Structures are given as structure tokens and as C-alpha cells.
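This report describes a single protein model, element by element. The sequence and the structure are shown first.

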Amino acid sequence: MYRFFTDRSQIADGLVHITGEDVNHIRNVLRMHRGETVLISCGDEWEYTCEVDSLSEEEVTCRIVDAQLPGKELPSRIFLFQCLPKGDKMETVVQKAVELGAYSVIPVSSRRCIMKLDAKRAAQKTIRWNKIAESAAKQSKRLIIPEVHEIMTFGEALEYAGDLDVLLMPYEMESGMGETRRILSAIQQGQSVGVLIGPEGGFEEQEAEDARNHGFSTITLGKRILRTETAGMTILSILMYLLERD
């Protein structure tokens with residue numbers, strides 16, 4: 001069953017009014033007809049089962065036939081701070097982070113990042129990454145579309161993370177899996193979690209120290225060195241396992 005996202009303001013009197021790019025997708029790509037069933041999410045815990053009621057070039061109207069609380073979202077909001085990898089790896093990071101339950105992805109420009117983007121290209125990349133996040137949210141039956149923020153500097157990312165409950169930074173210079181297990185097992189459902197992942201070249205020592213001074217706990221993910229696109233997926237998988245509702 002296909003899933004679409006709307007704002008709460010687009011739901012009224014038992015009808016959902018779908019506008020924008022999804023109209024073309026429903027009418028001309030999926031070629032859906034009146035009476036077909038779709039799922040609608042509007043950014044909260046509720047999920048609506050709807051039947052297509054009418055289709056026009058500007059709007060698709062769906063009638064709500066059922067509402068349910070499926071509990072598909074993790075009870076904790078996880079923010080992935082991903083230092084920019086080279087090439088198109090960020091697209092994979094965004095896609096898999098959304099599938100694994102991340103609430104938001106924040107691209108970060110640190111000192112050893114190979115990818116350097118001017119303002120125009122950065123804006124284009126952000127639009128592209130958000131489209132990938134939307135597609136991944138639909139595929140994985142998420143109730144929200146996780147936001148991919150504009151690229152932040154390393155310092156901006158540390159400040160942004162300041163209000164989160166738990167801050168984690170996998171670091172290749174860290175050791176002691178027992179301490180990592182202790183830190184991860186202490187995270188409670190409902191706590192917000194920030195995860196900071198370095199670029200291909202890793203963090204500079206001063207960056208690691210700055211992160212610690214801003215409340216990040218450095219942890220190890222094992223004795224093997226993971227690629228930047230693998231490290232984030234590893235810690236997100238562990239957190240999903242630990243925090244998922246029964």
C-alpha cells in the first residue's frame with residue numbers, strides 16, 4: 001500500500017487534500033483510480049487509511065476510512081551529525097539513516113572533509129538529500145519525513161547538539177568496549193540522542209577534544225576501522241535495537 005505525507009492543515013471533515021508533486025505521482029506514475037486505498041501520515045503518531053475520492057490536475061482528495069496508532073517511530077529522537085563524505089556517499093547515509101529510524105540528519109563540514117561545497121552547490125545537495133529522505137520514509141513506512149538540515153560547520157554542530165540528552169561520538173582512538181556497552185545501555189527511551197560521525201580522514205585531536213568539552217562521550221565500535229558511511233549505520237542499528245518499543 002502506498003504512503004503519502006501531508007500537513008495537518010490538509011485534513012478536514014474526514015478528507016485529506018493532497019497537493020504538490022504527489023498529485024502527478026498518483027495520477028500519472030502510479031495511475032491510481034477512485035476507490036484505491038492509500039496510507040496518509042501528517043507528522044504525528046497517527047496513520048490514516050484512506051480511499052481515493054477524486055483526482056484533478058491540482059489535487060487528489062482522499063476519504064479517511066480508518067485511523068490507527070501503529071507506533072512505527074522510535075521513542076527517542078536520534079540526530080545523526082554526519083561529517084561530509086566524498087562523492088555521493090551522503091545519499092546512501094541519508095537513505096539508510098531514515099530506514100533505521102533517525103529523526104534528523106545534520107551534514108557537518110569538519111577540517112578533514114574532502115568534499116567542499118560552495119553555497120549554491122550546498123543548497124542543491126540539501127534539496128537532493130531531502131528528496132531521498134522523503135523517498136526512504138515512504139519505503140520504510142515512517143510516520144514522519146526526517147529533515148536533512150543545511151550543512152553546518154563543526155562548531156555550529158556542537159552548539160546545535162547542546163540541548164540533546166545523550167551525545168555520542170564513535171572515535172577510532174577510543175578503546176574499551178565495556179565502557180561503550182555501559183554508555184549505550186544507560187540510554188533510556190524518550191531521551192534525545194546525538195551521534196557525531198567523522199569524515200574519511202577522521203577527526204583531528206582538537207575536534208575530538210572540542211566535542212568532549214561540549215558533552216560528547218567518545219565510544220568505540222570495535223577493533224576494526226569502519227568507513228564513515230558504515231560507522232553511522234552501525235551505531236544507529238545498535239540504538240534501534242536498544243530503544244525499539246516492544
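Phenylalanine 5 touches Asp22, Ser41, Glu134, Ala137, Lys138, Arg142, Leu143, Ile144 and Ile145, leaving aside residues up to four places away in sequence. The model in which these contacts occur is a predicted one. Phenylalanine 5 belongs to strand β1 and counts as buried, because its relative accessibility is 13% and the limit for that class is under 20%.

Strand β1 is one member of an open sheet of six strands, arranged in the order β1-β4-β5-β6-β3-β2 with mixed pairing. At its edges stand β1 (residues 3-5) and β2 (residues 11-12), each of which pairs on one side only.

How many bridges join β5 to β6? There are eight, and the two strands run antiparallel. A hairpin of four residues links β5 to β6. Within this pairing, valine 52 has cysteine 62 of β6 as its bridge partner. Cysteine 62 is also the bridge partner of valine 16. The pairing of β3 with β6 is antiparallel as well and comprises four bridges. Strand β4 (residues 37-41) pairs with β5 (residues 47-55) in the antiparallel sense through five bridges, and valine 38 has cysteine 50 in β5 as its bridge partner.

Helix α1 (residues 21-29) lies across β1, β3 (15-18), β5 and β6 (60-68), and its direction makes an angle of about 160° with β1.

**Loop residues with positive phi**

In general, most residues other than glycine have a negative phi. Two exceptions are found in loops. Aspartate 13, not a glycine, has a positive phi of about 55°; it is located in the loop between β2 and β3. Aspartate 13 is classed as exposed because its relative accessible area is 79%, against a threshold of over 50%. Arginine 31 likewise is not a glycine and has a positive phi, of about 50°. Arginine 31 sits in the loop between α1 and β4 and, with a relative accessible area of 58%, is exposed.

**Cysteines**

How many disulfides does a search of the whole structure find? The search finds zero. Two cysteines illustrate why, since a disulfide requires sulfur atoms within 2.5 Å.

| Cysteine | Closest cysteine sulfur | Sulfur distance |
|---|---|---|
| Cysteine 42 | Cysteine 50 | 9.7 Å |
| Cysteine 113 | Cysteine 83 | 4.9 Å |

For cysteine 42, the 9.7 Å to the sulfur of cysteine 50 is too far for a bond. The 4.9 Å between the sulfur atoms of cysteine 113 and cysteine 83 is likewise too far. Cysteine 42 is buried at 11% relative accessibility, and cysteine 113 is buried with a relative accessible area of 4%.

**Helix packing**

In general, two packed helices are described by the angle between their axes and the distance between the axes. The axes of α2 (residues 89-99) and α7 (residues 228-243) come within 10 Å and cross at roughly 5°. The two helices are therefore roughly parallel, since that description applies to angles under 35 degrees. The residues of this contact divide into four nonpolar, no polar and three charged. On the α2 side, Lys89, Val93, Lys96 and Ala97 take part, and they meet Glu229, Met233 and Leu236 of α7.

Helix α3 (residues 119-139) contains threonine 126. Is threonine 126 buried or exposed? Threonine 126 is buried, because its relative accessible area is 10%, which falls in the class defined as under 20%. Leaving aside residues up to four places away in sequence, threonine 126 touches Val148, His149 and Glu150. Threonine 126 and isoleucine 78 are 48 residues apart in sequence, and their C-alpha atoms are 19 Å apart in space.

How values were computed: Residues numbered from 1 in each chain as written. Predicted model: local features only at pLDDT ≥ 70, side-chain atom pairs only at ≥ 80, totals over all residues. Heavy atoms only, no water. Buried < 20%, exposed > 50% of the residue type's maximum accessible area, 1.4 Å probe, protein only. Contact = heavy atoms within 4.5 Å. Pairing = 2+ DSSP bridges. Axes fitted to C-alpha atoms, helices over the stretch in contact; angles between N-to-C directions. Parallel < 35°, antiparallel > 145°, perpendicular 65-115°, else oblique. Nonpolar A, V, L, I, M, F, W, Y, C, P; charged D, E, K, R; others polar.
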